[in-house]
Amino acid sequence: MAESNYFYITTPIYYVNDKPHIGHAYTTILADVLARFHREKGDETFFLTGVDEHGQKVQQAAERAGIDPQTHCNKMVVYFKKAWEKLEITNDFFIRTTDGFHEKVVQEVLQDLYDKGKIYEHEYGGYYCVGCERFYTTKELVDGKCPQHLKEPEYIKEKNYFFRMSKYQDWLIEYIKTHPEFIQPKSRKNEVLGFLKNKLGDLCISRPKLRLKWGIELPFDSNYVTYVWFDALLNYITAIGYKQDEERFNKWWPANYHLIGKDIVTTHCVYWPTMMRAIGIPMPKTIFAHGWWMVDETKMSKSLKNIVKPLDLIDSYGVDSVRYFLIREMTLGQDSNFSEDIFIKRYNSELANDFGNLVSRIVTLIRKNFNSVVPKILIKGKEELKIIDNAKTLPEKVHNLIDNLHLNDAVETIIIFIRSINKYMELRQPWHLVKQNKQEAGTVLYTAAEGLRIAALLLHPIMPEKISTLLKAFPTADNQKNSFEWGTLKSGEKLGELPILFPRIIRKIEIMKEVENKGEELISIDDFSKVKLITAKVLAAERVPKTDKLLKLSIDTGEEKRQIVAGIAQYYNPEVLIGKTVIIVANLQPVKIRGTESQGMLLTAEKGENLTLLTTFDDLGPGSFIS
RNA sequence: GGCGGUGUAGCUCAGCUGGUUAGAGCAGCGGAAUCAUAAUCCGCGUGUCCGGGGUUCGAGUCCCUGCACCGCUACCA
């Protein structure tokens, strides 16, 4: 597929009344990742985001706050700008619908369409419910009342301006059908086509100032402002110079992607295309609607309370890992689940274990054995060639996936390659090899490091901060910092220092938390009697191999011999325990601890760093009951 | 109600135009290893591929039907 040299991508402009939540953050990060990919590929890129500032809700919120709407917007817009800064968003412009140039162009477009008869005025009467701020048809009313508020609506006669949207219905259906990439994913395309099976009406694009003042005034009737969506959608072209700078406009338009959430499909796939058609500009290449993040099985929404604030996530886990998770976890177009649990699993297994740990082992081996100097690659064996081959084809594979918006697959492809380097290390064992054949060990480490560099570079658009840190440590020629060419890593030069990039997230022990939360709880004698405590004699004791804390005890309970694993190796040498009487929980469910079955639990007393085993005052022999 | 979609291992999902013993990651179990963030590597899955019919030499993959869930839209064709 031939790529254009220009890449223009947009997010919706967010309604300024909301505070940024994961929904906004996701779309914006997605756009950012795509924009960065294209920039790094060499495409000239323009990435637009911004806010929608007009409309009823803003007006009302300002009234409540006792300030004018513009001041209110100025205050609110900061939340978005700050959030995007924190999320490392690299938008090229941030549009506000109150920007002077935008308002001016919107008015010009309105005038233009009006002059050409594509906007007409029409007076009609209707039942208007003040609560809903909308008209109802008689059919929609229940017993003559608004079904929402159960109040009788007012009948008002009103003149309004309409955009002849209906005229474009057949054209739009045809266009969507002949341009399969126009609306994606396919399911949304079907949805729109389904919507278009119904007769499309004309779109009311005016609001009388009596009801709404905060908007862009109609140039041909100062008693009205324009409908927010008509105003908002035009941001995609006003921001790149439409009717201001034709050259700039033509450079970027048509857009490659309008990214949207699935909640605004109709406005973007029906209203906007018909508007563009009427205005006489070509259609954007693709309008892509992504799904929702579900939190605990509930839809994320502005009106619900279960909002995971992106800024909170970042504070706990870092921007880059959150960006990684969002891109990695969601199959674009579908809904995905979010929870801290899922996040931690993904983070630990892919970022900490697979990727971060690989970085550590390579860097440490080069530091210890080659004094941090990147070794030379000498004789390439079969295994080396495999890695090199894969490293060479990886960038193209990944770029293709990204061009098709298969971002999660793209990331997975990179991770699979990273895993293959771990396998390669295991196979070639440079930590042994270095003792017998240092040059060969060098070859292995170079191969691993260079493969890692290429993989990391591909992840840069997703995790700009961490990957930059990583890449800075890898010596390359200055003009080749971003090269996917195999061999860019310079032998003979020093590797920089690297911190642990993705420290493993250690989970709090849930049980401990539960106990803390419960506080002091009184139990009955029955509860206590459920625990069968008996004395036992230690017959043998030994350390569990390869552990620091565990002892394996063989004990006599009077009736039988049992094996118990206890975490007391730091307090007792095994020998001293033999022959001692201990107290055990005898009816505990057996568990395997480090592969060794434990059939009970020793009682100990613990204070600070000290620990002592419990025993009996007099010895009654093993198997005595404790109550 | 109409239109569209989904239903595959404990969990999240992949399986293109029908074709060898249905796959991946995570979790779990066993082992190897110790360069590394107790990370890594190897091995281990008898799953009614939602149910029921059918087409076919052959169906998770096509057709019909039933059920469950989701999305859009709506009581109008």
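**Entry 1**

I began at P185, which sits in the loop between β7 (183–184) and α6; helices (H or I, at least four residues) and strands (E, at least two) are DSSP runs, numbered from the N terminus. This is a predicted model, in which local features need pLDDT of at least 70 and side-chain atom pairs count only at pLDDT 80 or more, while totals for chains, interfaces and linings use all residues. Residues are numbered from 1 along each chain as its sequence is written, chains are lettered from A and ligands numbered from 1 in the order in which they are written, and side-chain values use heavy atoms, with hydrogens and water left out.

**Entry 2: other backbone details**

I found a cis peptide bond from W253 to P254 as well, with omega near 5 degrees. P254 belongs to the loop between α9 (246–252) and β12 (257–261).

I located K243 in the loop between α8 (235–238) and α9.

**Entry 3: α6 against α10**

My next stop was a helix pair. Two packed helices are described by the angle between their axes and the distance between the axes. I read that the axes of α6 and helix α10 (residues 265–279) come within 11 Å and cross at roughly 60 degrees. Axes here are lines fitted to C-alpha atoms, for helices over the stretch in contact, and angles run from 0 to 180 degrees between N-to-C directions.

α6 and α10 are therefore oblique to each other; angles under 35 degrees count as roughly parallel, over 145 as roughly antiparallel, 65 to 115 as roughly perpendicular and the rest as oblique. I noted that α6 passes α10 in a right-handed crossing (left-handed if the near helix is turned anticlockwise from the far one by less than a right angle, right-handed if clockwise).

On the α6 side, R188, V192 and F195 make the contact, and on the α10 side V265, T266, C269 and V270 do (contact means heavy atoms within 4.5 Å). By class, I have five nonpolar, one polar and one charged residues there. Ala, Val, Leu, Ile, Met, Phe, Trp, Tyr, Cys and Pro count as nonpolar, Asp, Glu, Lys and Arg as charged, and the others, Gly among them, as polar.

**Entry 4: α17 against α18**

I turned to helix α17 (residues 438–459) and helix α18 (residues 464–473), whose axes come within 9 Å and cross at roughly 150 degrees. α17 and α18 are therefore roughly antiparallel to each other, and α17 passes α18 in a left-handed crossing. R453, A456, L457 and L459 of α17 meet I467, L470 and L471 of α18.

**Entry 5: around the RNA**

Last, I visited RNA strand B. I see 33 residues surrounding RNA strand B, and the closest are G356, N357, R361, K368 and R504; a residue is near a strand if one of its heavy atoms lies within 4 Å of it.

I looked up polar contacts too (pairs of N or O atoms within 3.5 Å; within protein, one must be able to donate a hydrogen and the other to accept it, and residues adjacent in sequence count only if both atoms are side-chain atoms). A polar side-chain atom of R361 lies 2.5 Å from a base nitrogen of RNA strand B. H432 has a polar side-chain atom 3.1 Å from a phosphate oxygen of RNA strand B.

Which element gives the most to the surface near RNA strand B? I found that α13 does, with twelve residues.
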